[in-house]
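Subject: Structure handover

Hello,

Here is the structure we talked about. Please open it first, then read my notes below.

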Amino acid sequence: MIKADYHMHSHFSGDSTEPMELMVQSAIQKGLTHICFTEHMDMDYPVSDKTPEGMFLLNTDSYLYDLLKLKNKYAEQIKVAFGVELGIQPHLQKELAVYARSFEFDFIIGSTHVVKREDPYYPSFYEGKTEEEAYRSYFEENLLNLKKFQNFDVYGHLDYVVRYGTYQDANYSYDKYKDLFDQMLTLLLEKEKGIELNTGSLRRGTKDVSPCTDVLKRYKELGGEIITIGSDAHTAADIAADFDRAEEILKSCGFKYYSVFENRMAEYKKLG
Ligand SMILES: [Zn+2]
Ligand SMILES: [Zn+2]
């Protein structure tokens with residue numbers, strides 16, 4: 001059983017209202033031994049009526065203060081790690097590098113949430129584009145971000161855009177975007193960075209996890225070993241959601257281990 005959830009958001013993230021302590025308690029109840037909070041830090045996120053200025057800016061000092069209290073309180077039952085999900089945009093290279101070095105994070109997920117001032121979360125991203133154009137523009141931005149930014153441990157939900165496309169993963173496959181995925185995976189391996197298996201897409205109706213099984217398989221085939229599992233929970237109830245499925249998929253791809261991180265160092269845990 002996978003016992004570590006390395007992607008979750010409490011009320012310190014602009015899109016969650018869940019108290020951290022409830023999440024820690026839920027993780028313990030579900031039999032997890034390790035969790036990592038990965039609160040959103042998206043600098044220069046586009047402002048709209050739905051997303052006021054600073055919505056995804058993290059108050060990292062207060063977050064760390066509360067996290068340390070819980071980490072100590074529950075130390076006998078579970079390991080709680082200090083993480084962040086950093087929203088990468090090409091023009092933020094310097095600011096992000098400074099921020100990543102300013103705190104002693106255990107774990108950093110790099111994520112593309114914004115492509116040329118638009119978040120694929122909103123339908124407007126797809127207007128005037130075919131599905132393939134929309135997906136490609138997201139993957140191209142991922143690739144650019146990977147070229148520009150280094151200070152992360154795993155790259156998050158490599159095919160995030162697929163969650164929100166009109167037909168989601170009905171017509172989508174690794175093969176269709178193989179050219180871009182192979183470049184992304186090769187770059188990650190060169191930099192000795194990992195990826196995550198994110199089960200959050202399943203709760204939004206996709207058939208497969210994120211990135212899709214064939215991308216995970218390709219990563220393994222190319223020599224990838226560092227992989228964390230994350231529910232992307234924004235509520236206590238969603239912690240470790242679909243982890244049985246995640247385990248089956250990882251085994252089917254040939255993975256024998258998954259990773260947890262402490263002080264930015266990977267530690268390997270045996271699957272099953
Ligand atoms: Zn994300
Ligand atoms: Zn997330």
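Glu 85 and His 157 are both buried. Buried means under 20% relative accessible area, exposed over 50%, and partly exposed in between (1.4 Å probe, protein chains only). This is a predicted model: local features need pLDDT of at least 70, side-chain atom pairs count only at pLDDT 80 or more, and totals for chains, interfaces and linings use all residues. Residues are numbered from 1 along each chain as its sequence is written, chains are lettered from A and ligands numbered from 1 in the order in which they are written, and side-chain values use heavy atoms, leaving out hydrogens and water.

Now the metal site. Glu 85 (OE), His 113 (NE2) and His 157 (NE2) coordinate the zinc ion (ligand 1) at 2.1 to 2.2 Å. Donors are N, O and S atoms within 2.8 Å of the metal (3.2 Å for Na, K and Ca); water is not among the atoms, so sites may look incomplete. Along the chain, the donors of this zinc ion (ligand 1) are spaced E-x27-H-x43-H. Glu 85 also bridges to the zinc ion (ligand 2), with the two ions 3.4 Å apart.

Next, helix α8 (residues 243-252). Helices (H or I, at least four residues) and strands (E, at least two) are DSSP runs, numbered from the N terminus. Phe 243, Ala 246, Glu 247, Ile 249 and Leu 250 of α8 are buried. They sit on the same side of α8 because they cover an arc of only 165 degrees around the axis, taken from the directions from the helix axis to the C-beta atoms. Asp 244 and Glu 248, on the other side, are exposed. After α8 comes Gly 254, with a positive phi near 100 degrees.

Best wishes
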